[in-house]
Amino acid sequence: MNPDNETPIVGPPLETGSQLSEALAADEAGLLYNVQVRRDLEATKASPATLLTAEALLALTKVARHLHNKRERLCEGVNLSEGRFQMLQALSRSDSGVVLGKLAGSMGVTPRNVTGLLDNLERDGLARRVSDPEDRRSWLAELTPAGREKVHQMRQRMLYAQDLLSDRLSEADWKQLRHLCWRLLQITTTTDPAGHLQPAPPDPAITKEEKSRAR
């Protein structure tokens, strides 16, 4: 579901359920960790706090990618890519259309990608371009009735899938997970507004060697 003008999400394959079970162990507190990930990180000789942070963030990354793949398959069930569904979701929040530039910003994608997504949605009769009544040089994107129905279908599929997970964790666990995810996002966007990881500080040993060579 990723045509040439849509940006695909790529990455190494995720473990199967059995592979993941074999990779996991419990620590002295009964909390899960990945044996190989811990072994790889310990080889870096980083501090315990840094290692714990890295383990947690890698686990979060794995979960995010797995859920993305699950959501992509749910979208395929109603003939959508996840990118197209995200655009339909964004358009569903407005009854008067959305300026294309603002749409790109709210979705966190490039204007070119928005154009490609909208072209496909227009072709399928789910969205349309209309002239901006406040600026005839601009265009708005809005849902068609078929597009609103598609959003409703997809939301129902997602709610059903999420309901199947509800009793796998306690209410307290879900609340804590929700809190930690939003807190982590709050921290990372506040400390690094550009959304990029900062470069690591130079290794003193390497810096010393480079200075020696320079002499």
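Mentor: Start with the axes. A helix axis here is a line fitted to C-alpha atoms over the stretch in contact, and angles between N-to-C directions run from 0 to 180 degrees. Keep in mind that this is a predicted model.

Trainee: At what angle do the axes of H3 and H7 cross?

Mentor: Roughly 135 degrees, with the axes of helix H3 (residues 48–76) and helix H7 (residues 145–163) coming within 10 Å. Angles over 145 degrees would count as roughly antiparallel, and 65 to 115 as roughly perpendicular. H3 is therefore oblique to H7. The crossing of H3 past H7 is right-handed.

Trainee: Which residues of H3 and H7 meet?

Mentor: H3 brings Arg 71, Leu 74 and Cys 75. H7 answers with Met 154, Arg 157, Met 158 and Ala 161. In this contact of H3 with H7, 5 residues are nonpolar, 2 are charged and none is polar. Now the spacing. Residues three or four places apart in an α-helix point the same way, because there are 3.6 residues a turn.

Trainee: How far apart are the axes of H2 and H3?

Mentor: They are 10 Å apart, and helix H2 (residues 35–42) packs on H3 at about 140 degrees. H2 is therefore oblique to H3. From H2 come Val 37, Arg 38, Leu 41 and Glu 42, and from H3 come Leu 51, Ala 54, Glu 55 and Leu 58. Sorted by type, the contact of H2 with H3 has 5 nonpolar residues, 3 charged and no polar ones. The crossing of H2 and H3 is right-handed.

Trainee: What does Met 87 contact beyond its neighbours in sequence?

Mentor: Met 87 lies in H4. Its relative accessible area is 0%, so Met 87 is buried. Outside four places in sequence, Met 87 touches Leu 103, Met 107, Val 114, Leu 117, Leu 118 and Leu 121. Take Leu 117: 30 residues separate it from Met 87 along the chain, yet their C-alpha atoms are 7.5 Å apart.

Trainee: Where is Asn 120 found?

Mentor: In helix H6 (residues 111–123). Asn 120 has a relative accessible area of 6%, so it is buried. A polar atom of the Asn 120 side chain lies 3.1 Å from the backbone oxygen of Gly 116.

Trainee: Finally, how many helices and strands are in the protein chain?

Mentor: The protein chain has 9 helices and 5 strands. From the N terminus, their order is α-β-β-α-α-α-β-α-α-β-β-α-α-α. Then look at contact range. Of the contacts between residues at least 6 apart in sequence, 50% join residues at least 24 apart.

Key:
Residues are numbered from 1 along each chain as its sequence is written. This is a predicted model: local features need pLDDT of at least 70, side-chain atom pairs count only at pLDDT 80 or more; totals for chains, interfaces and linings use all residues. Side-chain values use heavy atoms; hydrogens and water are left out. Helices (H or I, at least four residues) and strands (E, at least two) are DSSP runs, numbered from the N terminus. Angles under 35 degrees count as roughly parallel, over 145 as roughly antiparallel, 65 to 115 as roughly perpendicular and the rest as oblique. A crossing is left-handed if the near helix is turned anticlockwise from the far one by less than a right angle, and right-handed if clockwise. Contact means heavy atoms within 4.5 Å. Ala, Val, Leu, Ile, Met, Phe, Trp, Tyr, Cys and Pro count as nonpolar, Asp, Glu, Lys and Arg as charged, and the others, Gly among them, as polar. Buried means under 20% relative accessible area, exposed over 50%, partly exposed in between (1.4 Å probe, protein chains only). A polar contact is a pair of N or O atoms within 3.5 Å; within protein, one must be able to donate a hydrogen and the other to accept it, and residues adjacent in sequence count only if both atoms are side-chain atoms.
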